[in-house]
Amino acid sequence: MNPDISVIVPVYNAEKTIKRCIESVLNQTHSSFELILVDDGSIDNSGKQCDLYSETDKRIRVFHQENKGVSEARNIGLSYMTGQYVCFLDSDDELYPETLEKYLELIRKYGADALLGSLEVVSDNSKTISGFKNENSYGKEIWEDICLDSQPFGYAIGKMFKANIAREIRFNKNMISQEDLDYNLEVYNRCSSIISTPAAAYIYHHSNSQRDPQILDYIRNQLKLYDCAEANYHVSDKAKKAVLERIATLIYTALYNTKSKTEFDHLTDE
């Protein structure tokens, strides 16, 4: 029998955090899941640790590939997942023990195609909640809220998608950043109903080494959002303006802080 949930984890040089990540899944109160670990060409002991865990629990499946990036690693997971629903988890993050149970209960309660959860952001001994203020059930009007503030809708983590929708889409391996929002927009485009929750069941460990958004990827995504919103829903002028203002602000900030042609060329690197 196929599991209820597939949890996909891209792994790259994560030997210091992968144990915490894996055990947070193994400790779930909901036990019908598969944990797909994709070792993306790690040069530390990450891959070996994944293999050792797979020997102790048949719900764990490990795939190894040459280093191709997080998008290709997630795509491997999408190709091999067998669950009815799918969640993405990063190898330096973790789940609360009740996360999968709560997500599954909510998504089934509303008969939704996707569940959008909030994040507990842990950084330098501080904790904050990032995400949604209310529990909402959306139809196509979700595009209004995404235009007004795309950030909570952009993370692939902290969410649950129906597998039959998620497996139709692939992460864009050519994007330097913002691949999560690009993927999610395609998911939302195929969803009839979506539920959001303020409950923070995903622990996101933020570090200063994480990537900054690349200007071209960001602009492409915001323009893609604008087009999707226009095609799916009669969004307000306020929502349209919010998208365009984000683009303008990023361009102004990037150019204002650029001191040389070399830095400018770096901003626009493909």
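Helices here are DSSP runs of at least four residues, numbered from the N terminus. The model is predicted. Two packed helices are described by the angle between their axes and the distance between the axes.

Take the pair α1 and α2. Helix α1 covers residues 18-26 and helix α2 covers residues 46-54; they pack at an angle of about 25°, with 10 Å between their axes. Because angles under 35 degrees count as roughly parallel, α1 is roughly parallel to α2. The residues of this contact comprise five nonpolar, one polar and two charged. The crossing of α1 past α2 is right-handed. On the α1 side the contact is made by I18, K19, I22, E23 and L26, which meet Q49, C50 and Y53 of α2. An α-helix has 3.6 residues a turn, so residues three or four places apart point the same way.

A second pair lies further along the chain. Helix α9 (residues 215-232) packs with helix α10 (residues 237-256) at an angle of about 170°, and their axes are 10 Å apart. Angles over 145 degrees count as roughly antiparallel, and α9 and α10 are therefore roughly antiparallel to each other. In this contact, I215, Y218, I219, Q222, L223, L225, Y226 and E230 of α9 meet K240, V243, L244, R246, I247, L250, I251 and A254 of α10. By type, these residues divide into 12 nonpolar, one polar and three charged.

Helix α3 (residues 70-80) brings in the strands. Its buried residues are S71, A73, R74, N75, G77 and L78. They pack against the strands β1 (5-11), β2 (33-40), β3 (60-65) and β4 (85-88), and against the helices α7 (163-166) and α8 (179-190).

Notes: Residues are numbered from 1 along each chain as its sequence is written. This is a predicted model: local features need pLDDT of at least 70, side-chain atom pairs count only at pLDDT 80 or more; totals for chains, interfaces and linings use all residues. Side-chain values use heavy atoms; hydrogens and water are left out. Axes are lines fitted to C-alpha atoms, for helices over the stretch in contact, and angles run from 0 to 180 degrees between N-to-C directions. Helices (H or I, at least four residues) and strands (E, at least two) are DSSP runs, numbered from the N terminus. Angles under 35 degrees count as roughly parallel, over 145 as roughly antiparallel, 65 to 115 as roughly perpendicular and the rest as oblique. Contact means heavy atoms within 4.5 Å. Ala, Val, Leu, Ile, Met, Phe, Trp, Tyr, Cys and Pro count as nonpolar, Asp, Glu, Lys and Arg as charged, and the others, Gly among them, as polar. A crossing is left-handed if the near helix is turned anticlockwise from the far one by less than a right angle, and right-handed if clockwise. Buried means under 20% relative accessible area, exposed over 50%, partly exposed in between (1.4 Å probe, protein chains only).
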